[in-house]
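Me: I have a model open here and want to talk through how it is put together. Can we start with the strands?

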Amino acid sequence: MASGIDGESLAALLAQVRARRPLVHHLTNYVTVNDCANVTLCIGASPVMAHALEEVADMASMAEALVLNIGTLDPGQVKAMLAAGKRANERGIPVVLDPVGAGATAYRTRTTFQLLRQLRIAVLKGNGGEIASLAGAGGRVRGVDSAGLDGQPALIVEELARKLRLVVAMTGARDALSDGKRTLLVSNGHPLMGRFSGSGCMLSSLVGAFVAVAPDHLEATAAALAAFGVAGEKAAERCSEPYGFKLALFDELSRLTPEALAKAARVRLV
Amino acid sequence: MASGIDGESLAALLAQVRARRPLVHHLTNYVTVNDCANVTLCIGASPVMAHALEEVADMASMAEALVLNIGTLDPGQVKAMLAAGKRANERGIPVVLDPVGAGATAYRTRTTFQLLRQLRIAVLKGNGGEIASLAGAGGRVRGVDSAGLDGQPALIVEELARKLRLVVAMTGARDALSDGKRTLLVSNGHPLMGRFSGSGCMLSSLVGAFVAVAPDHLEATAAALAAFGVAGEKAAERCSEPYGFKLALFDELSRLTPEALAKAARVRLV
Amino acid sequence: MASGIDGESLAALLAQVRARRPLVHHLTNYVTVNDCANVTLCIGASPVMAHALEEVADMASMAEALVLNIGTLDPGQVKAMLAAGKRANERGIPVVLDPVGAGATAYRTRTTFQLLRQLRIAVLKGNGGEIASLAGAGGRVRGVDSAGLDGQPALIVEELARKLRLVVAMTGARDALSDGKRTLLVSNGHPLMGRFSGSGCMLSSLVGAFVAVAPDHLEATAAALAAFGVAGEKAAERCSEPYGFKLALFDELSRLTPEALAKAARVRLV
């Protein structure tokens, strides 16, 4: 692949996550926080959640990546996100932003833009409705679910990435991601991943684990998308019901080897 | 059945939930919130959790039902519940109240009456101790568990429903519910449903999903109770241990068909 | 055993938890709170979570034990912990403190010492890094995980217990605990218990359940450690993957009999 991003390079990143066990500091929502902690462990990283202004910068000082997820935001949490994010920026560790529900309420949209403006975000990862809505590309968001998308995912992420100067990833039946120069499609995954609550949040935690070990944030994000998708494909072979599947997904992530990822990853340059 | 509420009518409501996928806005506790989100998805509705005063009315404006659960209440959350509830009332969407732990502490009892007074609640759903305690009928509550009940469930819910002018549902080995005119008993369910944390909260989310699509809130509540109970019966056939059972319960709710509900629902008019 | 603490005495405590079903009031973190509630139920006790200053003392007034876990602390929660703890102390019910992440940030370390100073804590339970760090014994904490330990667990807990005049338990491949006079090692457990998020928090809930029924807090803590470890050993026979194992662990705790505990507990006096 012209980009140098292929199954082998993604597998090398997974091996690095496992070897370095990066600490991923989360400020996230209280709905799926347990799943985020667990998925971070599954991939081989170490999760920590801390939100008090009294310690948020200290915790960010120990971390290798910071994940901000606005799924149940409030003003106190936003203030803490800014404090943690500023410290992360000072230290040069990557910040992942999951704009859960952006486009659904003005508060979420406004806060997303505030975080994008006041912090240097490495990766912005959302569902189709959220990303298209932030891009002004006609995304529709209902609650925290994407309710539709006009336009081409690849074009939307590429333009938004160029404009914001970061990596933008938009999940869907096929995931699209771009750093403004290179645009990738990841075709791994399984429909059962949309049948339980929290898969989007879990993915953001995985992105956090991968960007923690990789200077190329586009490649790291592709690795997270592919690893999650491949684990989903394997879990679907074990269980066809959503909650049995969810359990199997955690275990398939835990046992996913770099070799298996290299073999099954379906990532291509657009 | 004289009331026109039978297995067929409940099944029709389940089909409607699945077809319309209503958005159910929750202000709920942080203990079982993930289970509430997932059970809402299982039944075919769409969950959203949002509590900030900055957005709670906006989110309620998109929703088809609002679920208020006081399991881990505090003054900020109560304020947000009032704001969301007022918007829900203005829009005419139903509000479900789960008075978790009412009767255990003065704060919970007082807050429940405040919400009942300041909002138009459609369905009040609690365990035996909570409802009897709110009815002044000798309920005992220990922490958030019902510790006993004097008197007849059917009489208690009927009187309280008449007094408060809403639907009251009291869960137990047999569930009793009433709108003050019609009183029903639902005999579905399984003892394993009481062996893990959160079944009461999960049920309130299901009530939210059903009232979202049904003008007759008594029937909708009966449908939620029956659907949850029937799924529990089916899950118990698959697993006899509480946590394996809980997993199976989610999956049985996901696969529950209107036909299966019609066949297995045990609802009768008192 | 010279201490009078053996499998039989631990089994008797489990029987008492099951018979008396103590109410265990938690102020804990939002990451693993659901697991804490469920594990409390599994062992036969009754969990309640409540944090509002408006009710925290009332809830502590109904409880038989109080568990304080600083995993996601903030100033409001610390204030509530102090209020609940003071009421618990007035009533003479035991208070368990899990200093999650102490040693990682100054705020967590400072708050742990504040709680130890202002409340009468019955049991301080942490991982190797946390306890050693509080003991000034060279513990290293990264996020909320122990990252290393210099020195002998048995010596560290004994000295700290003597200094603080309470029971100190330090988890690890082998758990060490002491009340300053008697020091025990518990050798039950399985490596899979460290592969998912929350086992440490779950254990603190179990300690709460056992100290609620036992005046000898050292013995109660040993019972919790042994019960959790034995259930883990049994779960590992059913499942070798972390998340299937976690599910089995809940069910093995639920079905654990006093007889099975007596037979499998490996507790010895140092």
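Me: In which sense do β8 and β9 of chain A pair?

Reply: Antiparallel, over three bridges. This is a predicted model, by the way. Strand β8 of chain A covers residues 167-171, and β9 of chain A covers residues 175-178.

Me: How many residues sit between β8(A) and β9(A)?

Reply: Three, and the two strands form a hairpin.

Me: Which residue is the bridge partner of A:Ala169 in β9(A)?

Reply: A:Leu177.

Me: And β5(A) with β8(A), parallel or antiparallel?

Reply: Parallel, over five bridges. On β8(A), A:Thr171 has A:Asn127 opposite.

Me: What holds such pairs together in general?

Reply: Strands of a sheet pair through backbone hydrogen bonds, in either sense.

Me: Is β8(A) mostly covered or mostly open?

Reply: Mostly covered. Five of its five residues are buried.

Me: Which β8(A) residues point which way?

Reply: A:Val167, A:Ala169 and A:Thr171 point one way from β8(A). A:Val168 and A:Met170 point the other way. Both sets are buried.

Me: Which helix lies across β8(A)?

Reply: Helix α7 of chain A, residues 153-164. It lies across β5, β8, β9 and β10 of chain A. Its direction is at about 155° to β8(A).

Me: Zoom out. What is the strand order of the sheet in chain A?

Reply: The order is β2-β1-β3-β4-β5-β8-β9-β10-β11, nine strands in an open sheet. The pairing is mixed.

Me: Which are the edge strands?

Reply: β2 (46-49) and β11 (267-269) of chain A. Each pairs on one side only.

Me: By how much are neighbouring strands of this sheet turned against each other?

Reply: By 20° on average, with direction ignored.

Me: How many helices and strands are there in chain A?

Reply: 11 helices and 11 strands.

Me: What about the overall form of chain A? What is its radius of gyration?

Reply: 17 Å. A compact globule with 270 residues would have a value near 18 Å, so chain A agrees with that. Its C-alpha atoms fill a box of roughly 45 × 40 × 40 Å along the principal axes.

Me: What percentage of chain A counts as buried?

Reply: 67% of the 270 residues.

Me: And what share of the contacts in chain A comes from residues 24 or more positions apart?

Reply: 71%, taken over contacts with a separation of 6 or more.

Me: How many residues are in contact between chain A and chain B?

Reply: 25 residues of chain A with 24 residues of chain B.

Me: Which elements of chain A give two or more residues to that side?

Reply: α5 (106-118) and α10 (242-255) of chain A. The largest share, four residues, comes from α10(A).

Me: How do the residues of that side divide into nonpolar, polar and charged?

Reply: 12 nonpolar, seven polar and six charged, on the side of chain A that touches chain B.

Conventions
Residues are numbered from 1 along each chain as its sequence is written. Chains are lettered from A and ligands numbered from 1 in the order in which they are written. This is a predicted model: local features need pLDDT of at least 70, side-chain atom pairs count only at pLDDT 80 or more; totals for chains, interfaces and linings use all residues. Two residues are in contact if their C-beta atoms, placed from the backbone, lie within 7 Å. Ala, Val, Leu, Ile, Met, Phe, Trp, Tyr, Cys and Pro count as nonpolar, Asp, Glu, Lys and Arg as charged, and the others, Gly among them, as polar. Two strands pair if DSSP finds at least two bridges between them. Axes are lines fitted to C-alpha atoms, for helices over the stretch in contact, and angles run from 0 to 180 degrees between N-to-C directions. A residue is buried if 20 or more other C-beta atoms lie within 10 Å of its own, exposed if 12 or fewer, and partly exposed in between; C-beta atoms are placed from the backbone. The radius of gyration is taken over C-alpha atoms; the globule rule is 2.2 Å times the number of residues to the power 0.38.
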